Structures are given as C-alpha cells and as structure tokens.
Amino acid sequence: MDTSSPAAFVNGGLLRMHVGRKVRTVIQVTRSDAGSVMGKSTDGCQLVVRGSPPAPLTSYVEVIGVAENENSIRAELWTNFGDSFDASNYDQLCQLANGELKHLFL
Amino acid sequence: METIIPEYEIIGNPKLLMGSEPEANKSMPNNNLFEPSTRSTNNRYSAPAPANKAQSFQPTIQPAYQPPPNYKIQGPIMKNEAPARIIPIAALNPYQGRWAIKARVTAKGDLRRYNNARGDGKVFSFDLLDSDGGEIRVTCFNAVVDRFYNVIEVGKVYLISKGSLKPAQKNFNHLKNEWEIFLESNSTVELCPDEDGSIPRQQFSFRPITEIESAENNSILDVIGIVISVNPSVPILRKNGMETQRRILNLKDVSGKSVELTLWGDFCNKEGQKLQEMVDSGLFPVLAVKAGKVNDFNGKSIGTISSTQLFIDPDCPEAQGLRAWFESGGRNTASISISKEIMPGGSKNEIRKTLTQIKDEGLGRSDKPDWVTAKATVVFIKTDNFCYTACPLMIGDRQCNKKVTQSGNKRWLCDRCNQEFEECDYRYLLQVQIQDHTGLTWVTAFQEAGEEILGCSAKEMYLLKYELQDDTRFGEIIRSRLFHQYLFRLKIKEELYGDEQRVKITVVKVDKVNYSAESRYLLDMVTKNLRNRKQF
C-alpha cells in the first residue's frame, strides 16, 4: 500500500469521491465471511470490505485501504474499535474532513 | 383697708372681670361677661358714718386677685393647645406640625447604655403598628428613657404625640418607614386601656422559602415554616472574643423547599429550647420569624439579629394554612434545602473556559463567584499538608468537618461542637496544579474532588505517609495520578489574603472525560467557529 499520502476519512456517501485512493472508515459489522465483511457505514450505507479481518471481530471495526468503487473497499489494515462507538460523531468528522476543513487532512 | 369714699355713683358701664374657675376658661377664653349692676349692687355696702368700729364695716372690696386665665396671647404667636388629631403612621413626616398616633407596641428593645465623646448615655427603642398597617420605630435617650421605659409594654396600645421625626437608621431599623420618632421631654405617651381590635398585634410579610433562594445577602425578611429539626445549642466564640450560643434549625414550607435558621444568643435558650422540647416529643411546631437576616455563606440561610422576633405556633392565617398543608401530606413530601451550596448551571448550561481565559477575563472579581468548567490535566500534586484532621460529628444532616486540634493524649477536640473524641476524620485539602493547551494554574480540591484525583481516601494516604511512613508507596500513588485529564468544575472567587486580593480557584467536582460527549462538544465548537468565520 502506498503510505505516502494520508487516508481520507470517509463514510458511505463520501466513498465515491475517493475511488482508487486510500481511504479509512469505521463500519458496524453486519456479516463476516472468510475474505470479506459486510457492514453499515456511519451514514447508514451498506459497504463491503474485502480482505482478512482479525479474529475475533468486534461490533465496530476501522478499516484502512483502497476504495474499489462507491461501496467497496479493499482493506489492508483492520482495527477493532470495540462494541460501543459514537457513529454520529465520526460521521460529522468525515463531513468536516471532506468539506471546509479538507486542507487540514489531505 | 380703709374706705375713702363710702358711697359713689357708677359712672358709665364698667364690666367686672370676675376670675372664676380656670378650667372653665379653657375652651372659651373671651367670656365672663357679668352684669355689672347686680354685682356692684351686691358688693356695695352702705357704710354708715365713719366709725371707729372698723370690725362691723365691710368696706367695698375689690374681688380677690385671681390668676389670669390660662389662655393669653403671648408674643406674636397664639399657641393652639387643642389635642392633636390622630393621623396614620404612614402620614408622619418632619413637616407635619402637630400630630398624634394611636398604635400598638410590637417590639420593645433592651435598655442600652453607651459611652461616647459626650459622656454616658442610655437609649431604648420600641416599634409601633397602627390600624392602617403603618409601622414606625420610636427611640428615647437619657432622661426620656426614665420617663417611658417602664410605661411601654409590648402588645399594649398607646396614644403618642409631640415627638420629633428624623430619618430612620436603616442599619438597625428594618421597618418600612423612612422616618423614626424621637421622644423628648415634652412628648406624651398615654396608655389606651380599651382594647382596640382594629390594630393588629403584629404585621408580617412572609416570603416563601423558595423566594429566599434568590434574596440578596444581608437583606431582612419575614418567614414562616414548620420546624423539622432542631440541633442542640453550642457555645461559639465570636470575633470580639465574647462567647455566645448558637442553634441551627430547619424550616420547611409549602414551596417544597427548606431553609436553615440559625438562632444566636438568647434565642437559643428561650425559643430554641422550647422548640427542641417540642420536636423531641414528636411535635412539628410552626415558627414565624420577623426580621431575620439572609446569609449566603452556604447556599442561602437565615440568621437572627437583635431585632428579630420569633413566634411559636402563632395564631395567624399563614400558620393555619401551613399546619393544614403539613397534616394533609406536606409532612411526607421531601423538601430541597436552599442552604446547601448550589452549583449554578447543570450540564446543559455549563460555561467552558480555558485556563488563560480565567485570568484574561478577570473571572472571580465580581461579588458573586464564577462557576466554569475547564478540561485540563493534573500536572503536580502538593504532598505537604494534603489533608487535615476533621470533626466527624454530625450537625443536623451534615458532618461538622471543622479542623480539630489535639487535646491531651490521643484525643481530639472540636471547637464548634465543643466535644472531644478519640477518632478524627481525615479530609483532603489538596493543592493541585492543572494545565491545558493555554496555560497552567493552581487549584484547591476538597474531599470529594481529592478522592477523585487521587483515587483513594485521605485517611489511607495519611496512614501511608505518617503512620506506616511508606514514602515509596506514597510517592508511587501520587505519580500514578499525574497526567490524567479531567473535566474540572471550578468555583472562582477573589478573596483577601492579608493585604492583597488573590483569585482563589476551588475544584467543586472532578469528572473523567466522556469521549463521546466531549467529541460532540468539540465538533459543536468547530461548526460554530466555521459559521462565525463565514460572517467576516
């Protein structure tokens, strides 16, 4: 993975703006198979994350990887974020990080 | 007397000025016209030839000299001595002219002796209430005291006249009147023996306890409530070295709030003792307080002053209303005390400040303390004198907590409770340095805040340091508590330390940072900031 540029904070809706680039997001796991995980983004979209998730997987997980298309990510890095997480705060962060305060992040 | 001319004719129409009873002349100064002829006839005695037998001859004698009637025109002014008409107390003022008032004595002060540059003197005052509800204080000095001190009795009605009116001394006189009467040597005070039902015995303007919460410090007011607790009388050493008694009671009223009432001096032994006995025997008496003083040291409480009057189970409609409320459920409703330190601003309207803002904005400099919240990290904890030996005894529902001194062998003495005991409590008095991204400041943390910061009780730390003398373990604990971030609820107030004014910051509450809530707060701040920037 190219680590020279920072990963953009995204939610479901913002993923399409970074297709082909490095992104990071937190999803609430809905289904976990070998090789991929399905989860709900902080703005309520269904996303697919391909890769090898850690075992065990907590309810919330952060993934950093490359956006394949507007609803799927190929993850390189997985981090368990536990079972309680404030999704609305994260979502607001994503909006600020892609909007007016983009210059602070990318 | 020798008659010169035995007989004579009356020339003209002279009028004899007959000096009759002076009393009759009071209302009619210009009367006493007598028919001259009859009188003179009566008075004329025929004198026979001048004789040597002087005894049998009654010469014409002028009527004996009678003192002139009382009413004379003296100088240019005619004095009107008619009795003054009664006016309402509310109409009294120094420009009134002759006045009289009819009022009941509602309070009689003590006879006080004083000594000033002009010598020794004595003074006493009493308060009056008339049928229109007007009130005024009357003061007598020196010789006037002797005339009236024993005449004046509380509850009796008097007709008072000829006093001088001067501005009321608001420091001592809390009646609703800008004037005060000063009786003089020519003043009159007449007892009215007939009971005048139109004049009430007392006048109150009771404030509900909930209103006292917002009353100004040192203001004087009346309050009525049910006595729910009475504490024993304790001797207190006053600032002037004199000892006095103090009792604390709690009153509850229909507003759902309760207030602490402090009795001082004689009130402790008289009304205080009576109330204690009543409460001990299971009663809950009504207590009316006239002229209590508001104190804002700990929340709002009321204390007695010299002009306070206490009435146990008074016969007034408010007392009856209170009793009815208490008996029909009021007894069991929990009441919130306004006499506990309140922290204004719940979590909804907390004011967040950075540490440099406290200094830059001059917080704590007004007459009320400032309450703010600051997010900061503990960077230093002073280990000398981190706690003090405290009194564990209870005063009402609160622990005394006053610093106790050692008395003799392994015993402790509390000055406030006036008791000795074996085991004292240990309470934190921590000096802590906290820091945020803007700056650094010292704060003082008491018991609860101290326990949160150090994570263990003051007693444990005390024993560790002074009894077990385990400095290593003590040091480890202290170090482990450094560099933790908290949300500090701070009370900021400027206080006089010797000669200088210093801003003192007390930690009232320590909360661990809730990341979810804190993030929301920060996101909110960022959004607001962006919105404000757009306006420029």
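**Note on the two-chain predicted model**

1. B:Leu490 touches B:Ile358, B:Asp370, B:Trp371, B:Val372, B:Ala374, B:Val443, B:Ile505, B:Thr506 and B:Val507, leaving out residues up to four places away in sequence; contact means heavy atoms within 4.5 Å. B:Leu490 is also one of the residues that touch the most other members of the largest nonpolar core, which has 46 residues; the others named are B:Val378, B:Ile381, B:Met461 and B:Phe488. Strand 15 (residues 370-381) of chain B supplies the largest share of this core, five residues. Apart from it lies another core of 24 residues, including B:Ile136, B:Val138, B:Cys140 and B:Ile160. A nonpolar core here is a set of buried Ala, Val, Leu, Ile, Met, Phe, Trp, Tyr and Cys residues joined through side-chain atoms within 4.5 Å. Buried means under 20% relative accessible area, exposed over 50%, and partly exposed in between (1.4 Å probe, protein chains only).

2. On conventions: this is a predicted model, in which local features need pLDDT of at least 70 and side-chain atom pairs count only at pLDDT 80 or more, while totals for chains, interfaces and linings use all residues. Residues are numbered from 1 along each chain as its sequence is written, chains are lettered from A and ligands numbered from 1 in the order in which they are written, and side-chain values use heavy atoms, with hydrogens and water left out.

3. Chain B has 10 helices and 26 strands, and chain A has two helices and six strands. These are DSSP runs numbered from the N terminus (helices H or I, at least four residues; strands E, at least two). In sequence order, chain A reads β-β-β-β-β-β-α-α. Of the 106 residues in chain A, 38% are buried; for the 536 residues of chain B the share is 38%. In chain A, 52% of the contacts between residues at least 6 apart in sequence join residues at least 24 apart.

4. The interface involves seven residues from chain A and eight residues from chain B. Together the chains bury about 680 Å², 57% of it on carbon and sulfur atoms; buried area is the accessible area (1.4 Å probe) that two parts lose on being put together, summed over both. Which side chains form the salt bridge between the chains? They are A:Asp86 and B:Arg520, at 3.2 Å, N to O.

5. B:Val526 sits in helix 10 (residues 515-534) of chain B and is partly exposed, at 31% relative accessibility.

6. Over all chains, the whole structure holds 27 salt bridges. B:Asp146 pairs with B:Lys122, with the closest N and O atoms 2.6 Å apart. The two residues are 24 residues apart, B:Asp146 in helix 2 (residues 143-148) and B:Lys122 in strand 3 (residues 119-129) of chain B. B:Asp146 is exposed at 51%, whereas B:Lys122 is buried at 18%.

7. B:Glu135 and B:Lys290 form a salt bridge at 3.8 Å, N to O. B:Glu135 is in strand 4 (residues 135-141) and B:Lys290 in strand 11 (residues 286-295) of chain B, so the pair ties together parts 155 residues apart in sequence. Both B:Glu135 and B:Lys290 are buried. A network of salt bridges links B:Asp313, B:Arg323, B:Glu327 and B:Arg331.

8. Some backbone values deserve a look. Most residues other than glycine have a negative phi, and most peptide bonds are trans. The peptide bond from A:Ala55 to A:Pro56 is cis, with omega near 0°; A:Pro56 is in the loop between strand 4 (46-50) and strand 5 (60-69) of chain A. B:Asn218 has a positive phi of about 70° and is partly exposed, at 46% relative accessibility. B:Phe483 has a positive phi near 65°, lies in the loop between helix 9 (471-480) and strand 25 (485-497) of chain B, and is exposed at 61% relative accessibility.

How values were computed. Salt bridge = Lys/Arg side-chain N within 4 Å of Asp/Glu carboxyl O.
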